[in-house]
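User: I would like to learn how to read a few features of a protein model, one after another. Could you take me through them, giving the general idea and then the case at hand?

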Amino acid sequence: MNTKNKAWAERPFVVCTYGPSGIGKTTDMGYSFPRALFLAAPGALISVESVCGYTPENGSVSTIKEATTIIEAAAGQYSTVVIDDFSFLAEQTFSSLEKKYSGFRLWGELRDSALEFRDKARMSGVNVVMNCWEQGPKTKHDGSRVRGGPMLSGRLPEQIPALCDVVLRAVHEPKNRPWPAVYRCNADPSYVMKDRFHTSSLADPVPMNLAEILRSSGLHILRHPDLPDQEEKVEAIASSLSGDVKADTTLINEIYVSLVQSGQSVSVARWTLRDALDRAVLRSAKSQAENVFLASSTCLV
């Protein structure tokens with residue numbers, strides 16, 4: 001790991017992902033941050049339990065201010081707090097404030113809550129990850145254009161991403177296997193996207209695997225405490241793959257069967273192989289991008 005990556009790895013990160021409902025954002029958070037504290041509405045984490053095979057630590061909050069308080073208190077107990085879904089939380093906050101304020105005061109209070117969240121999330125020493133719904137680009141009454149991005153009120157669609165190190169847009173991609181979705185992070189003037197670590201933007205589009213994206217950026221992302229040898233297995237499989245990683249379905253299925261026969265549950269075997277394939281894809285994409293200055297086209301993951 002070079003000096004620059006060491007500097008990144010030693011400080012907390014803030015990430016925002018956004019996309020349509022049901023595309024797999026929550027499941028990816030479950031795979032990516034098994035030791036995180038999840039702040040989510042009741043029932044919102046069922047996909048983590050059914051697909052990833054474990055029940056995450058979780059709690060519920062009804063306002064951005066409550067989330068801010070929990071993030072501050074999480075320091076030293078959790079390395080990461082995942083807010084699922086931040087768009088819903090912002091709506092709840094607006095409804096709560098609407099009972100006390102109106103007009104410009106209402107929007108001012110919402111802005112102040114968001115700005116406090118932004119500042120304390122950055123200074124807490126805890127990694128903060130937010131999932132949001134997506135809203136498309138729109139034109140304001142004065143004719144100015146607003147970029148598409150996380151579905152939030154007022155100026156928050158620009159202010160919240162501004163605090164983040166990584167902002168990824170989840171989109172459907174039928175050609176991607178086994179899950180037909182990817183993250184995008186490119187210079188699209190119509191949507192808010194960025195990656196200060198220059199991994200997602202370098203290899204765009206990238207697998208919907210936030211943990212592997214961050215690991216590829218040099219950050220240390222903890223695995224589930226009950227799976228102490230998973231990282232070793234993931235690296236061994238990823239290192240053995242080359243070329244078009246997902247083309248040889250026979251080989252991939254053989255690896256999967258061997259994982260199950262070695263004693264891994266179906267959910268853990270899928271998790272392990274998922275990370276290995278995505279790691280190999282990211283390495284290949286980054287290697288190709290780093291070996292050319294101007295690419296003729298971008299290949300799908």
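Analyst: Let us begin with contact, which here means heavy atoms within 4.5 Å. This is a predicted model, in which local features need pLDDT of at least 70 and side-chain atom pairs count only at pLDDT 80 or more, while totals for chains, interfaces and linings use all residues. Residues are numbered from 1 along each chain as its sequence is written, and side-chain values use heavy atoms, with hydrogens and water left out.

User: Which residues does Ser 200 touch, not counting residues up to four places away in sequence?

Analyst: With those sequence neighbours left out, Ser 200 touches Leu 168, Cys 185, Asp 195, Val 206 and Ile 213. Ser 200 has its place in the loop between strand 11 (194-195) and strand 12, where strands (E, at least two residues) and helices (H or I, at least four) are DSSP runs numbered from the N terminus.

User: Is Ser 200 buried or exposed?

Analyst: The terms rest on relative accessible area, with buried under 20%, exposed over 50% and partly exposed in between, using a 1.4 Å probe and protein chains only. Ser 200 has a relative accessible area of 0%, and therefore counts as buried. His 198, in the loop between strand 11 and strand 12, is partly exposed, because its relative accessibility is 45%.

User: What should I look for in the backbone of that loop?

Analyst: Most residues other than glycine have a negative phi, and most peptide bonds are trans. His 198 is not a glycine, yet it has a positive phi of about 60 degrees. The peptide bond from Asp 204 to Pro 205 is cis, with omega near -5 degrees, and Pro 205 also has its place in the loop between strand 11 and strand 12. Elsewhere, the peptide bond from Asp 84 to Asp 85 is cis as well, with omega near 20 degrees; Asp 85 lies in the loop between strand 4 (80-84) and helix 5 (86-98).

User: How many bridges join strand 4 to strand 5, and in which sense do they run?

Analyst: Two strands pair if DSSP finds at least two bridges between them. Strand 4 and strand 5 run parallel and are joined by 5 bridges, with Asp 84 opposite Asn 131 in strand 5. Strand 1 (residues 14-19) also pairs with strand 5 in the parallel sense, over 6 bridges, and there Val 14 stands opposite Val 128. Strand 8 (residues 149-150), by contrast, pairs with strand 5 in the antiparallel sense over 2 bridges. Of the 9 residues of strand 5 (residues 127-135), 7 are buried, so this strand is largely enclosed by the rest of the structure.

User: Which residues of the largest nonpolar core touch the most other members?

Analyst: In soluble globular proteins, nonpolar side chains tend to be buried together. A nonpolar core is a set of buried Ala, Val, Leu, Ile, Met, Phe, Trp, Tyr and Cys residues joined through side-chain atoms within 4.5 Å. Here the largest has 70 residues, and Phe 13, Phe 33, Ile 83, Phe 86, Phe 117 and Met 130 touch the most other members. Another core, of 15 residues, lies apart from it and includes Ala 238 and Leu 273.

User: How do helix 4 and helix 6 pack?

Analyst: Two packed helices are described by the angle between their axes and the distance between the axes. Axes are lines fitted to C-alpha atoms, for helices over the stretch in contact, and angles run from 0 to 180 degrees between N-to-C directions. Helix 4 (residues 64-74) and helix 6 (residues 103-123) pack at about 15 degrees, with their axes 9 Å apart.
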